[in-house]
Amino acid sequence: MTHDHERGHHHGHDHDHADHLDWAAMAPLLERQAELHSPLYTRAAAWLGELVPAVGVRRALDVGSGPGVISTLLAEAFPYADVVAVDATPELLERARERADAQGMAGRVTTLHAELPADFDALGEADLIWAGNSTHHIGDQRAALASFAGLLRPGGLIALVEGGLQARHLPANIGFGRPGLETRIEAAHADLFAEMRAGLPDSKDEVDDWRALLADAGLTPSGTRTFLTDVPAPVPAVHREQIVAHFTRLREPLSERLDAEDRATFDRLLDPADPLSVHRRTDLFMLSASTVHTARKG
């Protein structure tokens with residue numbers, strides 16, 4: 001289990017919910033996406049600093065860390081903390097170590113190879129747990145939150161990144177095909193997500209009431225906030241590259257879930273020679289929302 005900004009592995013919001021994906025091969029994509037969302041995570045970390053005194057955070061866990069972009073941001077926001085990047089993919093942890101070393105944080109940001117939920121006991125106690133779009137990759141989310149609660153020291157804080165809004169990049173009318181393609185892509189994606197959840201070991205069907213689930217784990221909810229990534233058109237080249245990668249990656253897994261007209265529209269969007277493709281159009285934007293649910297151990 002890992003978190004992304006592309007998946008639940010490195011979530012942001014572009015989940016590719018298939019368990020056979022080669023996360024190591026996707027490392028550059030995952031790292032770039034997390035970097036593009038860094039302003040969002042920086043604001044979220046600053047908010048966490050208002051909820052728990054920085055001097056009181058001596059050990060922090062970034063659960064589902066991927067390449068460690070958020071791990072280093074947490075180390076910056078909590079200067080007295082040792083931050084542990086936790087992930088199930090060794091190659092991504094290696095990138096996290098390289099990033100920490102390049103930023104002069106090798107002594108404070110370390111890595112831990114762990115596959116959750118089996119390895120919860122290996123994580124150790126913490127004053128702060130950041131679980132970014134990783135909990136939904138554990139079949140029994142209620143049990144996972146109870147395990148997180150058991151790791152928190154008294155007064156410790158968990159920040160659970162779950163929900164928000166899927167990323168949008170296109171206007172409703174893109175000039176060809178039926179309007180609303182991205183809405184239908186999102187609906188197909190939701191079906192994939194539900195199938196991913198149902199196929200997890202020990203999967204339990206839970207209402208996504210994260211405040212209630214955190215309270216049921218014995219924690220005291222301490223606030224929920226949503227943070228935006230808002231890059232209006234025309235997007236810089238690095239954002240365009242990420243948007244192209246996003247649609248390219250979704251085309252195959254969603255092909256059987258879209259009708260023939262939408263598949264043709266999707267193909268045209270990915271044609272570099274087409275002036276209305278994502279490679280060339282001038283109205284691309286990046287808009288998404290990540291919701292952070294927090295709770296404290298009394």
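1. S71 touches D62, S65, V83, A85 and V109. Residues up to four places away in sequence are not counted there, and contact means heavy atoms within 4.5 Å. S71 sits in helix α3, residues 69-77. S71 is buried, at a relative accessible area of 1%. Buried means under 20% relative accessible area, exposed over 50%, and partly exposed in between (1.4 Å probe, protein chains only). Helices (H or I, at least four residues) and strands (E, at least two) are DSSP runs, numbered from the N terminus.

2. A word on the basis. This is a predicted model, in which local features need pLDDT of at least 70 and side-chain atom pairs count only at pLDDT 80 or more, while totals for chains, interfaces and linings use all residues. Residues are numbered from 1 along each chain as its sequence is written, and side-chain values use heavy atoms, with hydrogens and water left out.

3. G68 belongs to the loop between β3 (59-63) and α3. G68 is buried, with 1% relative accessibility. Beyond its neighbours within four places in sequence, G68 is in contact with A96 and R99. G68 and A85 are 17 residues apart in sequence, and their C-alpha atoms are 6.3 Å apart. A85 is also one of the residues that S71 touches.

4. Now the nonpolar interior. A nonpolar core is a set of buried Ala, Val, Leu, Ile, Met, Phe, Trp, Tyr and Cys residues joined through side-chain atoms within 4.5 Å. The largest has 27 residues, of which L48, V57, L74, F78, L128, W130 and V292 touch the most other members. At least two residues of this core come from each of α2 (38-51), α3, β6 (126-132) and β7 (152-168). The largest share, 7 residues, is from α2. In soluble globular proteins, nonpolar side chains tend to be buried together.

5. Neighbours within four places in sequence aside, L48 is in contact with F78, L128, W130, L157, A159 and T294. A separate core has 26 residues, including L61, V86, I129 and L160.

6. A217 is in the loop between α7 (210-216) and β8 (220-231). A217 is buried, at 18% relative accessible area. A217 touches L145, A146 and A149, leaving out residues up to four places away in sequence. A217 and A146 are 71 residues apart in sequence, yet 4.7 Å apart in space, C-alpha to C-alpha.

7. Next, charge pairs. A salt bridge is a side-chain nitrogen of Lys or Arg within 4 Å of a carboxyl oxygen of Asp or Glu. By this rule there are 18 salt bridges. One of them joins D140 and K204, at 3.7 Å, N to O. D140 lies in the loop between β6 and α5 (141-151) and K204 in the loop between α6 (181-198) and α7, so the pair ties together parts 64 residues apart in sequence. K204 is partly exposed, at 37%.

8. R178 pairs with D259, with the closest N and O atoms 2.6 Å apart. R178 is partly exposed, at 31% relative accessibility. D259 is partly exposed too, at 35%.

9. E195 forms a salt bridge with R257, the closest N and O atoms being 2.7 Å apart. Helix α6 holds E195, and the loop between α8 and α9 holds R257, so parts 62 residues apart in sequence are tied together. Salt bridges that share partners also join R178, R184, D259, E261 and D262 into one network.
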